[in-house]
Amino acid sequence: MPAADTHRTIDAVWRMESPKLIATLTRMVRDVGLAEDLAQDALLTALEQWPDSGIPDNPGAWLTAIGKRRAIDMLRRTTLADRKYEELGRDVVEAIETDVIEAIDDDIGDDLLRLVFIACHPVLSTEARVALTLRLIGGLTTAEIARAFLTPEATIAQRIVRAKRTLTDAKVPFEVPRGADRAARLSSVLEVIYLVFNEGYSATAGDDWMRPALCEDALRLGRILAELMPQEAEVHGLVALMEIQASRLRARTGPTGEAVPLLEQDRARWDQMLIRRGLVALARAEKLGGAPGPYAYQAAIAACHARARKADDTDWARIAALYAQLAQLIPSPVIELNRAVAIAMAFGPAEGLVIADRLQSEKALEGYHLLPAVRGDFLAKLGRHDEARAELQRAAALTRNARERALLLDRAAKLAGDR
Amino acid sequence: MRFMVMVKASKDSEAGVMPSEELLTEMGRYNEELIKAGVMLAGEGLHPSSKGVRVQFDGNDRKVIDGPFTETKELVAGFWLFECKSKEEAIEWVKRAPNPMPGSVGEIEIRQVFEDSDFGDLVDKVPEVFENERKFREQVAKKNG
């Protein structure tokens, strides 16, 4: 095999094996930064040896063996040299000698889950959580993360180094949180994954407004987490939401790269396999029972759109009801505005306008262009053209997106013509 | 990127011999590994070609040909759909699969699935192709709707 091919294969093996390897090593040395360094050592050894010796039959086991050996060497050294590690080192060396390490292999799923919770630990900044999760669980290289977020590689590398140091300094335990802490910690994990997804789905930086590779990364993380925590309904809720949203990726841009709104999308271009996967994940969440969480509600709303063959078939009454439930869970004027749209679609613009009017006194929506845009739409449909035009012009002045501004002004101008 | 991973048929699979319990267990374990890694999007096993048909296109003619078909090694007995970062990753996953055709030389073929970005240039050059396709679909939808 040519050296370049071998290197690409090593990259692939690394992506597949590094999360498990780092998880196993973290359990041994109780420090994720150290564990990653040891794993990197094992990778370097592979990069040195495999191009000559060929890739071993079981590359994962090979890397793990090297990593463990390095860990044991290191622990033996620190046992002698550093009192801080003394107790830990002795325990681990004894454990190895009594073959407990073999038993650890059976627990790899738990170790991986512990690693997920460490990478998304609240002691870290959101940015650091994202980078560390992609690196440790997604198996992405620093360069890949940097490319995905259009950030210099040195910045990401430094972010990861700092994050690992923070975790060490905070002595974050290698465990799956229990009790009162668990829900908050889990929602931090879900937030990180959905953030990665959204960065791909509606990129905040760069020329493209979508970066599908990041959506894939997030989906993969979500799918992994769903199998690690099959009893957590909200994990399936998040997976369902991402699968269904990702099903529309192909339909979300027109021929010149412009955004195509949901109701105008060519539904024949929606990915039916992802929709089916999303609906299955949603059913899994619902089957587990309990009160749905915010992701499950959003997934249920997305599912209403996914099930409608034509935009006209959309079950707006159900969507409105779901928004009402979601708003009870996380009260937000933006959700309320969405509910107004669903109500208008289901029961007519007058009903929607009642809600939208109420939102005008909301401080949080001041300067938010979608409120006047939505009101303008309702008013136009009700034949109140003067008021509608004023609202659409106001929305146009508020939006930062040039294309959207053009659309709003165009609509306002047409209303003037109808008078 | 997505890959279609196709298990090629064997004499046994074409004869309708069901996989052994051992193989089924191993396959189950392998599938579980794929799912846990978030790699497997779909996967199915297929009936032998004796239950299949081919539709042959010749100009405007359509001819239905009943199975079985002879070129066993070219036939597909089952498939997975993977989502991976690279072809190399797909290869590494496939190498870990149990031999799907024990007792004979099994073969699994890996093919990359086309994505929109593969048509990138085409979309830029002839947007009307896609535009027309959409219009056509709209017309069909209207007619049916």
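The model is a predicted one, in which local features need pLDDT of at least 70 and side-chain atom pairs count only at pLDDT 80 or more, while totals for chains, interfaces and linings use all residues. Residues are numbered from 1 along each chain as its sequence is written, with chains lettered from A and ligands numbered from 1 in the order in which they are written. Helices (H or I, at least four residues) and strands (E, at least two) are DSSP runs, numbered from the N terminus.

Two packed helices are described by the angle between their axes and the distance between the axes. For helix 16 (residues 333–347) and helix 17 (residues 349–358) of chain A, that angle is about 165° and the axes are 6 Å apart. Here axes are lines fitted to C-alpha atoms, for helices over the stretch in contact, and angles run from 0 to 180 degrees between N-to-C directions. The crossing of helix 16 with helix 17 of chain A is right-handed; a crossing gets that label if the near helix is turned clockwise from the far one by less than a right angle, and is left-handed if anticlockwise. On the helix 16 side of chain A, the contact involves A:E336, A:L337, A:R339, A:A340, A:V341, A:I343, A:A344 and A:F347, and these meet A:P349, A:E351, A:G352, A:I355 and A:A356 of helix 17 of chain A. Two residues are in contact if their C-beta atoms, placed from the backbone, lie within 7 Å. Sorted by class, this contact of helix 16 with helix 17 of chain A has nine nonpolar residues, one polar and three charged. Ala, Val, Leu, Ile, Met, Phe, Trp, Tyr, Cys and Pro count as nonpolar, Asp, Glu, Lys and Arg as charged, and the others, Gly among them, as polar.

A helix pair also forms across the two chains. Helix 1 (residues 3–29) of chain A packs against helix 3 (residues 87–95) of chain B at about 65°, with 8 Å between their axes. That angle makes helix 1 of chain A roughly perpendicular to helix 3 of chain B, and their crossing is right-handed. Chain A supplies A:R8, A:T9, A:D11, A:A12, A:V13, A:R15 and A:M16 from helix 1, and chain B supplies B:E88, B:E89 and B:E92 from helix 3. This contact of helix 1 of chain A with helix 3 of chain B is made up of six charged, three nonpolar and one polar residues.

Chain B itself has five helices and six strands, running β-α-α-β-β-β-β-α-β-α-α along the sequence. Among contacts in chain B between residues at least 6 apart in sequence, 75% join residues at least 24 apart. A cis peptide bond, with omega about 5°, links B:G67 to B:P68, and B:P68 sits in the loop between strand 4 (61–66) and strand 5 (76–83) of chain B.

Back in chain A, helix 12 (residues 233–246) has 14 of its 14 residues buried, so it is largely enclosed by the rest of the structure. Helix 12 of chain A reaches 20 Å from its first C-alpha to its last, close to the 20 Å expected at 1.5 Å a residue; the expected span is 1.5 Å times one less than the number of residues. Helix 10 (residues 180–201) of chain A agrees too, its end C-alpha atoms being 32 Å apart where its 22 residues should span 32 Å.

The ends of helix 9 of chain A are worth a look. A:E153, in helix 9 (residues 153–169), is partly exposed, with 14 other C-beta atoms within 10 Å. Leaving aside neighbours within four places in sequence, A:E153 contacts A:T142, A:A143 and A:A146. A:L150, in the loop between helix 8 (142–148) and helix 9 of chain A, has a positive phi of about 50° although it is not a glycine. A:K171 likewise has a positive phi of about 50° without being a glycine; A:K171 lies in the loop between helix 9 and helix 10 of chain A and is exposed, with 9 other C-beta atoms within 10 Å.

Definitions and conventions
Parallel < 35°, antiparallel > 145°, perpendicular 65-115°, else oblique. Buried ≥ 20, exposed ≤ 12 C-beta atoms within 10 Å, placed from the backbone.
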